[in-house]
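Hi,

Here is the model I promised to pass on.

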Amino acid sequence: MPDYILAYQGRPNISSPEEGQAHMTAWRAWMQGMGTAVKVPGNPCGPSKMLGGGTPGLAGYTIITATDLGAASAMAEGCPHLNGGSIEVCELLNMEM
């Protein structure tokens, strides 16, 4: 099965420490719910600089395994990051170097 990257952009709507804690609880439950499809849990991203134009906005990433783009997108739909942020789902292609 192919691998997909979930590229988190923007920031979720969190306005208090309590909301932050609830967000992380929901995040952990969502991540655990994907089970073995999670290949690389990933990490959040810190400050960035965009080279060559565009707007910086990458907030983090996760790599999952799914049967196709539709299945990978369906897994991403339950992510708490979508409360104010967005997720780009993209198949990771193999390329010989």
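The largest pocket has 16 residues in its lining, and Y8, W27, N43, P44 and A59 are the ones nearest its centre. A pocket here is an open set of points on a 1 Å grid over the protein atoms alone, where a 1.4 Å probe fits, with protein on both sides within 12 Å along at least five of seven lines; lining residues have an atom within 4 Å of a point. Its volume comes to about 290 Å³, taken as the space filled by probe spheres set on the grid points, which are joined across faces, edges and corners. Helix α1 (17–33) and strand β3 are the elements that give two or more residues to that lining. By type, the lining splits into 9 nonpolar, 6 polar and 1 charged (Ala, Val, Leu, Ile, Met, Phe, Trp, Tyr, Cys and Pro count as nonpolar, Asp, Glu, Lys and Arg as charged, the others, Gly among them, as polar).

Before you go further: this is a predicted model, in which local features need pLDDT of at least 70 and side-chain atom pairs count only at pLDDT 80 or more, while totals for chains, interfaces and linings use all residues. Residues are numbered from 1 along each chain as its sequence is written, and side-chain values use heavy atoms, with hydrogens and water left out.

As for the fold, there are 2 helices and 4 strands, running β-α-β-β-α-β along the sequence. Those are DSSP runs numbered from the N terminus (helices H or I, at least four residues; strands E, at least two). The C-alpha trace spans about 45 × 35 × 20 Å along its principal axes. Of the 97 residues, 30% are buried, meaning under 20% relative accessible area, with exposed being over 50% and partly exposed in between (1.4 Å probe, protein chains only). Among contacts (heavy atoms within 4.5 Å) with a separation of 6 or more, 73% join residues 24 or more positions apart.

Strand β3 (residues 58–65) is worth a look, starting with T62. T62 is buried because its relative accessibility is 0%. Its side chain reaches the backbone oxygen of P41 at 3.0 Å, a polar contact (N or O atoms within 3.5 Å; within protein, one able to donate a hydrogen and the other to accept it, and residues adjacent in sequence counting only if both atoms are side-chain atoms).

Beyond four places in sequence, Y61 touches I5, L6, Y8, V40, P41, G42 and N43.

Which residue forms a salt bridge with D3? That is K39, with the closest N and O atoms 2.7 Å apart. The structure holds 1 salt bridge (a side-chain nitrogen of Lys or Arg within 4 Å of a carboxyl oxygen of Asp or Glu). The pair links distant parts of the chain, K39 in β2 (residues 38–40) and D3 in β1 (residues 3–9), 36 residues apart. K39 is exposed at 52%, whereas D3 is buried at 17%.

Cheers
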